[in-house]
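Trainee: Could you take me through this structure step by step, with the reasoning behind each answer?
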Amino acid sequence: LRLPIWINEGLADFWSTAKFKDDATEVGRAIPHRLSALQHFARIPFERLVQVDGLSPEYRRPGLTPILYGQAWATVHYAMLGDDSGTRSRQLSAYLTAVSKDENSLAAARAAFGDFHVLEQQVNGYAKRKLFRYASSAAIAPAPELARSSKNSGRSPPSERFGCDSSLPNRRPNAMCSSGVSRWSGKNST
């Protein structure tokens, strides 16, 4: 499956923050250098962003790639975790379905996301925030040794520590999930 560059890079950055722990997996933490790029460079119109390919200057020129990656990450993060209504998550899913069937990226984006100007305003406003939600998911059935170690430590087992956050879009009713917040200070940290 060959995805358009913006969604490929946006999803890669979103999942690059995954942290695997004994009792949970976290995804979607803020990426400081992506947020910094959004503050320091002019934005690429969304209509252009969805058309960027391997020969595009936004992808090939080092001075332009930070904003491409920043916008791609911010759009994916907003759709997956930032839009409390879940609308943008469903639209992102529709877009991915269409491009996976070889539909033109621009046509698929128009059909899925609707008014690009509205989406740009939402993502731009979202990227100015200092706090960003991330998702955390516990194992559905913890291994017996993990449950025993939780009992011995005085901590509740993972199934009792993590509740479902109904504000997360597309959550499965039986999934044990929670969300947290990652803070960005406005400075690029390492």
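Trainee: What span should the 12 residues of helix α1 have, and how far apart are its end C-alpha atoms?

Mentor: This is a predicted model, in which local features need pLDDT of at least 70 and side-chain atom pairs count only at pLDDT 80 or more, while totals for chains, interfaces and linings use all residues. Residues are numbered from 1 along each chain as its sequence is written, and side-chain values use heavy atoms, with hydrogens and water left out. Helices (DSSP runs of H or I, at least four residues) and strands (runs of E, at least two) are numbered from the N terminus, and the expected span of a helix is 1.5 Å times one less than its number of residues. For α1, residues 5-16, that rule gives 16 Å, which agrees with the separation of its end C-alpha atoms, 16 Å.

Trainee: What kind of aromatic pair do Trp6 and Phe113 form?

Mentor: Rings of Phe, Tyr and Trp (its six-membered ring) pair if their centres lie within 6.5 Å, and planes under 30 degrees apart count as stacked, over 60 as edge-to-face and the rest as tilted. The whole structure holds 10 aromatic pairs. In the pair of Trp6 and Phe113, the centres are 6.5 Å apart and the planes stand at 65 degrees, which makes the pair edge-to-face.

Trainee: Which helices does this pair link, and how many residues apart are Trp6 and Phe113?

Mentor: Trp6 belongs to helix α1 and Phe113 to helix α7, residues 105-113, so that distant parts of the chain are linked. Phe113 counts as buried because its relative accessibility is 4%. The helices are α1 and α7, and the two residues are 107 residues apart.

Trainee: Why is the pair of Tyr95 and Phe113 tilted?

Mentor: Tyr95 lies in helix α6, residues 87-100, and Phe113 in helix α7, so this pair ties together parts that are 18 residues apart in sequence. Both Tyr95 and Phe113 are buried. The ring centres are 5.7 Å apart and the angle between the planes is 40 degrees, so the pair is tilted.

Trainee: Which residues form one aromatic cluster?

Mentor: Tyr95 and Phe113 are among its members. The complete cluster is Trp6, Phe46, Tyr95, Phe113 and Phe116.

Trainee: Which residues is Ala112 in contact with, leaving aside its neighbours within four places in sequence?

Mentor: Ala112 is found in helix α7, and it counts as buried because its relative accessibility is 13%. With contact meaning heavy atoms within 4.5 Å, the residues are Gln91, Ala94 and Tyr95.

Trainee: Is Gly63 buried or partly exposed?

Mentor: Gly63 lies in the loop between α4 (57-60) and α5. Its relative accessibility is 49%, so Gly63 counts as partly exposed.

Definitions and conventions:
Buried < 20%, exposed > 50% of the residue type's maximum accessible area, 1.4 Å probe, protein only.
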